[in-house]
Amino acid sequence: LLNQTSLVTYFWLRGLSVNQKAQIAMFSMFLIFYVLTLIGNILIVITITYDHQLHTPMYFFLSNLSFIDVCHSTVTVPKMLRDTWSVEKLISFDACVTQMFFLHLFACTEIFLLTVMAYDRYVAICKPLQYMIVMNWKVCMLLAVALWTGGTIHSIALTSLTIKLPYCGPDEIDNFFCDVPQVIKLACTDTHVIEILIVSNSGLISVVCFVVLVVSYAVILVSMRQQISKGRRKALSTCAAHLTVVTLFLGHCIFIYSRPSTSLPEDKVVSVFFTAVTPLLNPIIYTLRNEEMKSAFNKL
């Protein structure tokens, strides 16, 4: 992994704060967030696996989402918690590249997954009689393979662009984890073309998927005007949960990756929400608004 043209073998992470009291408070808060994220999402996966009534396409994709959230949070949060007690917040070049790879793998896969989940809801609500024909298990498995493959290709492309750059001088990253926009700013060369490629890659994926999702749910809402009130309430509840997740997750991606690599004061706050808070909110949003999941939890 190590770039042979690089003289930098370690990067310094600035972290979230230099204030000791603030660090202790943040350690306690994010440790609780991380433990609850693991418990909530793993419990969702176990519940869906063991409750045969939940063996439907919607819950199949929801279990994938919970698995991704566990992985996505684990890429950054444990390192952040350990660095809270470290004077020197160091990360090796190889570890930094590895963190970037898995961060973008899980983030991009989740974007594609949220898009697939929107399509699943569209078919279920707008074409209920054809739902099990259109969204059969073969289609679900193919979609799952496709979204994981797409996330892998995206992550390899971004990581390859980053490690080819020479790093010979600055070694301080203004964040608590390695991400492509912050890392390429440390390169000892002009990165204008690379920044354009990142915006056209990550930024375009985020914006296009967000537009597709909004249009999908708009079509669903229009179609629900013809449905009975009980079915409409259930569909509205499901769509509201999905839209909340989409807005929280894709909002960060659009904010970070749809502009040049310039640091803003809000970047760290948005990054914390993206890596530590959103994976915790997903199980809360999907379970508290879902009677089937609450019933399955009770049975488990």
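The model is a predicted one, in which local features need pLDDT of at least 70 and side-chain atom pairs count only at pLDDT 80 or more, while totals for chains, interfaces and linings use all residues. Residues are numbered from 1 along each chain as its sequence is written, and side-chain values use heavy atoms, with hydrogens and water left out.

Let us start with the helices. The names H and S come from DSSP runs numbered from the N terminus: helices are runs of H or I with at least four residues, and strands are runs of E with at least two. To describe packing, axes are lines fitted to C-alpha atoms, for helices over the stretch in contact, and angles run from 0 to 180 degrees between N-to-C directions. Angles under 35 degrees count as roughly parallel, over 145 as roughly antiparallel, 65 to 115 as roughly perpendicular, and the rest as oblique.

On the H2 side, Pro57, Phe60, Phe61, Asn64, Phe67 and Ile68 meet Trp137, Cys140, Met141, Leu143, Ala144 and Trp148 of H5, where contact means heavy atoms within 4.5 Å. Sorted by class, this contact has eleven nonpolar residues, one polar and no charged. For these classes, Ala, Val, Leu, Ile, Met, Phe, Trp, Tyr, Cys and Pro count as nonpolar, Asp, Glu, Lys and Arg as charged, and the others, Gly among them, as polar.

H2 also packs with helix H3, which spans residues 93-126. Here the axes come within 9 Å and cross at roughly 160°, so H2 and H3 are roughly antiparallel. This crossing is left-handed, and its contact residues divide into 16 nonpolar, five polar and five charged.

Now follow H5, residues 137-163, to another neighbour, H7, residues 192-223. The angle between H5 and H7 is about 160° and their axes are 11 Å apart, which means that H5 is roughly antiparallel to H7. H5 passes H7 in a left-handed crossing. From H5, the contact uses His154, Ala157, Leu158 and Leu161, and from H7 it uses Ile194, Leu197, Ile198, Asn201, Ser202 and Ile205. Seven of these residues are nonpolar, three are polar and none is charged.

Next come the salt bridges, each a side-chain nitrogen of Lys or Arg within 4 Å of a carboxyl oxygen of Asp or Glu. The whole structure holds five of them. One joins Arg14 and Asp174, at 3.5 Å from N to O. These partners are 160 residues apart: Arg14 is in the loop between strand S1 (10-13) and helix H1 (20-50), and Asp174 is in the loop between strand S3 (172-173) and helix H6 (180-184). Arg14 is partly exposed at 40% relative accessibility, and Asp174 is partly exposed too, at 29%. For these words, buried means under 20% relative accessible area, exposed over 50%, and partly exposed in between, with a 1.4 Å probe and protein chains only. Through shared partners, salt bridges join Arg14, Glu172 and Asp174 into one network.

Another salt bridge pairs Asp51 with Lys299, the closest N and O atoms being 3.4 Å apart. Asp51 is buried at 11% relative accessibility, whereas Lys299 is exposed at 52%. A further bridge links Arg121 and Asp120 at 2.9 Å, N to O, and both of these residues are buried.

Asp83 lies in helix H2 and is buried, at 5% relative accessibility. Beyond its neighbours within four places in sequence, Asp83 is in contact with Leu13 and Lys89. In helix H1 you will find Ala25, partly exposed at 46%. Ala25 and Thr84 are 59 residues apart in sequence, with their C-alpha atoms 10.0 Å apart in space. Helix H1 also holds Ile46, whose C-alpha atom is separated by 34 Å from that of Gly15, 31 residues apart along the chain.

Methods:
A crossing is left-handed if the near helix is turned anticlockwise from the far one by less than a right angle, and right-handed if clockwise.
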